[in-house]
Amino acid sequence: MQFKFILRSMARNKVYAGINILGLGLGIAAVLLIFQVVRYELGYNKNFSRYDRIVRVVTQSQSSEGESWNPCVPIPAMFAIPDAVPELTQVARMREFWPSISVPGAEDGTPPKKFLRKDPSVAFFTEPSFFEIFDLEWLAGDPKTALRDEGSVVIIRSEAERFFGSWQAAMNETLVLDNVARVTVRGVVEDLPPDCDLPINMLASWPTYIAQQALYYYDDNWGSCNSSNQVFGLLADASQLGAAERSLAKVGEKQYAENSSTGKADKTHRLQPMSDLHFSDKLNNSAFRTITKGRLKVLSFIALLILGMACFNFINLSTAMASQRAKEIGVRKTLGVGRGQLLRQFLGETAVVSVLSVALGVAVARLCLPLLKHISDVPVEAPFLSLPQTWAFLVFVTIAVTLLAGFYPAVVLAGFEPAGALKNSVGAVRGGHRAWVRQSLVVLQFSIAIAFIVGTIITLSQLHFIRTKDLGFDQNLIYTFYYNNDSLSVAKLNTLKNRLLQAPEVEAVSYNTDPPSSGNSWMSNFAFPSNAEDADFALQIKYADTDYPKTFGLRMAAGKWYDPSDTMKQAVVNEAFLRKMGVEKPEDAIGEDLKLGGRAGIIITGVVQDFHAFSVHQPIAPLMISTQRDYYYNAAVKVNPGDMAAAARAIESAFDEVYPEQVFEGHWYDETIARFYEDENRFANACKGFGVLAIFIACIGLFGLSSHAAARRAKEIGIRKVLGAGTAGITALLARDFIKLVLVAFVLAAPAGWYFMNRWLQDFAYRIDIQWWVFVVAGAVALVGATLVVALQTVRAALADPVESLRSE
Amino acid sequence: MIRTNKLVKVYRTDEVQTTALNAVDVSIAEGEFVAVMGPSGCGKSTLLNVLGMIDSPSSGEYFFNGEEIGKLPERKRSDVRKHNLGFVFQSFNLIDELTVYENIELPMLYTKVPAAQRKKRVEELMEGMNIMHRRNHFPQQLSGGQQQRVAVARAVVNKPKLILADEPTGNLDSQNGDEVMKILADLNAEGTTILMVTHSQYCAEFGNRIIRMLDGQVVTENVIRQYL
């Protein structure tokens, strides 16, 4: 009967029920989507059954610039760790690499099959202990022997199917890595799930790494710490982390001290638990994707805000309409129903609304799932409604919403004195108090909405600033691709350059280590001039040929680019270098020399104007560009404006002609740069999406309240009209109360919005100033939205025939 | 059944203090049909509400079946109400979302009467009040007289010892009013005590005693028929 009663009551108050269910449904959809993101991110790496015992050895370095962290481990340290750290029952040396892969052609003339790397995927050179740490599901092969010998690899099922048609056909077949290393498939394992920071597509044996030393920069030196050389270990017990770290601290102690200019070890090794791999803000992982728990907390907080806003609507409408229910409550009370029983009844009613809202929320969330990619990395196909956690969460949300939205109104309604309720004087007696609560909640809602708008405008402005900022080089019309720098390939580089330059679309070609702005960094200690002491900070280095400035449109501040050379003899430095070294006029640096590492006498031939070598999060650092032909592996091709697709095709066909056996994978450089700001893009998208939702929820709440106010004041409006009031006057009278609330909300939200967005902007070395108009626009959007919604109701009330409303009395 | 001693009810707002009941002493014996009369604002309805335990007195004592009600906690008063009292209002006060059947059934849900018994009792009452054919209608679909008959049926469904009626015919035409008064008189004849507030001398004379009030005080008590 109770349920029937609730449904009938909803049917009678369709608009209010609709507002409640729509608002709560959208709020719940937002919460569910954020739950999916948070759940997905928190589930990372849990596919490994020994998740809580797996650790990664990392390196903590100290310098005058402060502390820095790197997942690298020098190769000699790798070999020292198993004996030095008995707490680790298993240790696996690992070397990340990203090989191009081909299936060699047959003698009968079948051409080789080349395969593009799938993103994200990584290969590791490693040893059999890897499988003792990370449990993989074996389809074929033996984990004990598969990675024992040189030239052995284990591949994942989907790669086996891609290369050979089926995983069964892959065993003992040959693959060629980076056009050089011939390897044999000795095992096939099941694919790893997408929520794993080791997106492995291939594991190759450690002896293969040693055999291909030159190709994969095998550097057996305590001084060389390459972030691709990593060590994972397995603790006997998770509680031994501290003990293991203490043992680990001894590794390399002596060698690091010897290598340091201060005579004290500037590096020490630490352990990073697997459970931190996905959430670290200091250390990257092989999937190149981390998200801090702080970011997840911010998302969860946003979800709470949105849900809270929807609950406020429910609270406001329920208490505003309390007088409509006074009679029913009075009757029930005269029938002897106690306060507790009424409280349960009202909570029951809210529970019905919650359940309907959850159903709507689930449907909306399901529909919006593909939109998640705009604010997160969660794949559309990640399990969602099939998960028991999701359903458990839904039950929790239903209960939470019922209590959050229903408790206060239930207390208010159940607290009516029956005699007053029957006379319907409840509103008159207690209205003042409840109106205050309602007004506060409306103010809070609009404060949140305005803060979201401020956030949206500022993130979009900063993104626009980044996109249009002069980075100091050209990023448009440049096509980049990697090539193998083995001696065979390098010998044909001039041929490739000539072939490319013959194409009418191509303007310039440069070989280098990195484009001007990239995620990579090469650094070295240095002295300026050569005979001075080493500076107390490291110098950023890029290696490039003499076509580099032409290709990327770099501008000289003084002097000229260096002369062609295979090795480092001359260099150019940037303006930041001069500032840091106290050289006032760029011309004064020309002809000076510097010492890089142990190599003295590198002559400065020119000063290049500052450009952003990293994302605009970081300030422009002192930089040197020089030649070192055998380091280059990146090619950049500047093309003429015109048909870009045709240009890309021309570049690829030239490459295929020169390197028929190599895999070609090219990218437009401006797209690469845009990816640096993926995180900011997502943040802006989240602000936009949740901002629109917040405004919408606040406005439908206001719609309900204003329509109720108009209905409640129908008689007053009638009397005023009879006495000669005009439509505009009455509209203003009714709207005024609500507009005042939005103005108060603005006063609260503006400083809060400024504070949080100013903090967000601090992450950028180059950023916009927050302009006053941002707040004006945010306030105006909220005000216009609120005014429209309120006006819609009040104009209708003002236009109504006064006779009708008076007769109804 | 009912005895009050210097019952006072004062309403206060920020500026005004109104004494609705001023040291009222009344007593009502079981089986009586008492009408309370007096001009508007004299405190009749307040007295009814206080005696019906849906409003509490500011001071004074109120004994119901020998028990001092003023000292009871709200939960206990609800219990007394639930098992002993039935209300009939001038404006019917039916719940709009419930059908005729459900409105009448409601008090029995709160006293946890088993379903089969509820059905029997509701049907019996609907039959007696001649509203059986309206059982699935909602209050707005009924005439005033029909609504008041539903309200009376609801008031008596739990067989209360006392029915409190606040101007039960105030919103009815004379024919419907008459019918309702007859139902109340019949209930009284069957042993239910009735306390009714009314403006109408005609209606008052259905009872056996009239209490007249003025400015919050009882001024006279007329005995119409000696209760036997």
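Predicted model: local features only at pLDDT ≥ 70, side-chain atom pairs only at ≥ 80, totals over all residues.
Colleague: How many salt bridges does the structure hold over all chains?

Modeller: Residues are numbered from 1 along each chain as its sequence is written, and chains are lettered from A and ligands numbered from 1 in the order in which they are written. We count a salt bridge when a side-chain nitrogen of Lys or Arg is within 4 Å of a carboxyl oxygen of Asp or Glu. Over all chains, the number of salt bridges is 36.

Colleague: In which helix do E161(A) and R157(A) both lie?

Modeller: These two residues form a salt bridge, with 3.4 Å between their closest N and O atoms. Helices (H or I, at least four residues) and strands (E, at least two) are DSSP runs, numbered from the N terminus. E161(A) and R157(A) are four residues apart, about one turn of the helix, and both belong to α5 (residues 157–164) of chain A.

Colleague: How many residues apart in sequence are the parts that K638(A) and D474(A) tie together?

Modeller: K638(A) and D474(A) form a salt bridge whose closest N and O atoms are 3.5 Å apart. K638(A) lies in strand β24 (residues 634–639) of chain A, whereas D474(A) sits in the loop between α14 (426–468) and β14 (478–482), so the sequence separation in residues is 164.

Colleague: Which residues of chain B are linked with R12(A) and K327(A) in a network of salt bridges?

Modeller: Salt bridges can also join up into a network, and this one has members in chains A and B. R12(A) and K327(A) are linked there with D96(B) and E97(B).

Colleague: What percentage of the 809 residues in chain A is buried?

Modeller: Let us sketch the chain: chain A has 26 helices and 25 strands. Along the principal axes, its C-alpha atoms fill a box of roughly 100 × 65 × 60 Å. Of its 809 residues, the buried share is 54%.

Colleague: How far apart are the sulfur atoms of C72(A) and C225(A)?

Modeller: A disulfide is a covalent bond between the sulfur atoms of two cysteines, and we count a pair of cysteine sulfur atoms within 2.5 Å. A search of the whole structure finds one over all chains. C72(A) and C225(A) form a disulfide, with a sulfur separation of 1.9 Å.

Colleague: How many residues apart are C72(A) and C225(A)?

Modeller: The torsion about their S-S bond is about 95°, so the disulfide is right-handed. C72(A) is in the loop between β2 (66–70) and α3 (75–84), and C225(A) is in the loop between α6 (206–211) and β12 (229–235) of chain A. The pair links distant parts of the chain, and the separation in residues is 153.

Colleague: What is the area of the nonpolar surface patch made by W772(A), W773(A), V776(A), V777(A) and V781(A)?

Modeller: Patches are made of residues with over 30% relative accessible area and no salt bridge, joining like charges within 9 Å and nonpolar side chains (Val, Leu, Ile, Met, Phe, Trp, Tyr) within 5 Å. Accessible areas come from the Shrake-Rupley method with a 1.4 Å probe; for residues, only the protein chains shown count as cover. One member, V777(A), is in helix α25 (residues 772–799) of chain A. The patch covers about 490 Å².

Colleague: Which peptide bond is cis?

Modeller: P529(A) is in the loop between β17 (526–527) and β18 (539–543) of chain A. With omega near -10°, the cis bond runs from F528(A) to P529(A).

Terms used:
Heavy atoms only, no water. Buried < 20%, exposed > 50% of the residue type's maximum accessible area, 1.4 Å probe, protein only.
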